[in-house]
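Morning, everyone. Please bring the model up on your screens. I'll talk about packing, then rings.

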Amino acid sequence: MAATPRFRNDAVAAPDADPHLDPARDSASADRKHPVDETLPPLRMFTSGLQHVAAMYAGVVAPPMILGPAVGLTPKETAFLMGASLFTAGLATLLQTLGFWRIGARLPFVNGVSFAGVTPMVAIGKDRGHDGIAVIFGAIIVAGLLGFLLAPYFCKLVRFFPPVVTGTVITLIGVSLLPVAFNWSQGGNATADDYGSTTNITMAAVTLVIVLALRKLLRGFLQQIAILLGLVVGTLIAIPVGITDFGAIKDADLVGFPTPFHFGAPQFEVAAIVSMCIVMLVCMTESTADMLALGRIVDRPADERTIEGGLRADTLGSAISPLFNGFMCSAFAQNIGLVAMTKVRSRFVVAAGGGILIVLGLVPVAASVIALVPLPVLGGAGIVLFGSVAASGIQTLATAALEKGENALIVAAAVGIGLIPIAAPDFYHAFPKDALVVLDSGISTGCVVAIVLNLAFNHLGRKPHPDPSPQEQSPAAAAPVAAH
């Protein structure tokens, strides 16, 4: 179901411009589809969607890869969880991009398994086998339903996300993701003998150079899929180097459906539910920031209605995921970097990626082909992807009038505190485990600090001004009202 187009030529006109003075221009603007709502030719749709899948694949399968062994599952059961995570990520992505009723942001917004829940899920299910998985699933179902009910109220916080806040959060999203790319570049497994080897790092560097060269030399559609082409070329080079693992293809089944409640009926424990509800609030905060970031990148600012729909899709997807043995779903910030870099803004491209994820979840042997991409190759491309997110944040901060008031101080404090989990991962080691759900996320802590300081310096004790400056305007105020 397509959203009503909101793309207007006069959306960035001067404040004193009257669009009604030129009915012909206004009519033409109304008839033009926003790039977000455009459909592309089938081949271009598929390859661009596949590029999104390649960018997020490692992030989707990593949580079940960590959780499976921790709770005592066999390698085959862990592989089953990975396929289920791909399948449910595809369902959640379709909810976001296509949507129905008031569910879905209807932006090129990718959803997948949230890393925020890995630590508490390991604590809940450690060494409990199938019972541990059942307790985790029960807690996720309750947290998802609670988040769905809270979405209409949570979205109203959008007015507390002006450019000084959103720019800070977007920058932190990119910077927080870069260590993931660095870890991939070293091999991904810190216990492996070749972790950080010159071979791995060289392959990451070669892939990075290939992506940059393709972006420089190619034009049009080929330039837009430079990341995908770089991953293909990098993987081909990695084969003779000896860091491509074909074992996944040999062991994969041809067809496999994530049987509902494969590990047993969900179980409900109060402590587990409370823990996952906290994770859900963290995910909702990060998704709100991600939607605001993506809205600016695609020139369709996310208003309250958009964020409400996006949060409902997040939370409903999370509540449904355990039915198919999946986990809590949230926004994937790395794909925002891909949108920023390629300039392909169509939500239907991401929907195609969601369809590919569903197929990968149903056909394990197909998923194993994507898994052929060595992590060092993915890491080299990830440096460009995640760096693009940080660059978008810096561009947003450039509009936040940092020379006025205490805006520069807000950014300094929020970025500084947001970088703590990255620069000093053990900084909060003495804090309770439940607190680490928030504190170990630089995005969450930086976002909270930016919001609180913006309230303290730019709202409390200030008299309303008839003509607010750009940095005091919320993205919702600047955007046309959505009509889903």
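Let's start with the nonpolar core. This is a predicted model, and its largest nonpolar core has 103 residues. Which residues have the most contacts inside it? They are L67, I133, I227, M276, L311, F327 and M328. Helix α11, residues 270-297, gives the most to this core, with 13 residues. There is also a second, separate core of five residues. M45, V344, F348 and V349 are among them.

A word of background. In soluble globular proteins, nonpolar side chains tend to be buried together.

Now zoom in on L67. Which residues does L67 contact, leaving aside its neighbours within four places in sequence? The answer is M121, V122, I133, I136 and F327.

Next, helix α9. Helix α9 covers residues 226-241, 16 residues in total. From first C-alpha to last, α9 reaches 22 Å, close to the 22 Å expected at 1.5 Å a residue. Which of its residues are buried? A226, I227, L228, G230, L231, G234, T235 and A238. I227 is also on the list of residues with the most contacts in the largest core. Just after α9, G242 takes a positive phi of about 100°.

On to the rings. The count comes to five aromatic pairs. Take F80 and F263. That pair is edge-to-face, with 5.9 Å centre to centre and 75° between the planes. Why do both count as buried? The cut-off is under 20% relative accessible area. F80 is buried because its value is 19%, and F263 is buried because its value is 6%.

F137 lies in helix α5, residues 129-154. F327 lies in the loop between α12 and β2. They are 190 residues apart, and again the pair links distant parts of the chain. Buried or exposed, F137 and F327? Both are buried.

Elsewhere, ring pairs link F427, Y428 and F431 into a cluster.

One last item, a charge and a ring. The charged end of R312 sits over the ring of F148, 5.8 Å from its centre.

That's the tour. Over to you.

Terms used: Residues numbered from 1 in each chain as written. Predicted model: local features only at pLDDT ≥ 70, side-chain atom pairs only at ≥ 80, totals over all residues. Heavy atoms only, no water. Core = buried A, V, L, I, M, F, W, Y, C linked by side-chain atoms within 4.5 Å. Buried < 20%, exposed > 50% of the residue type's maximum accessible area, 1.4 Å probe, protein only. Helix = DSSP H or I, 4+ residues; strand = E, 2+ residues; numbered from the N terminus. Contact = heavy atoms within 4.5 Å. Expected span 1.5 Å × (residues − 1). Phe/Tyr/Trp six-rings, centres within 6.5 Å; stacked < 30°, edge-to-face > 60°. Lys NZ or Arg CZ within 6 Å of the ring centre and 35° of its normal.
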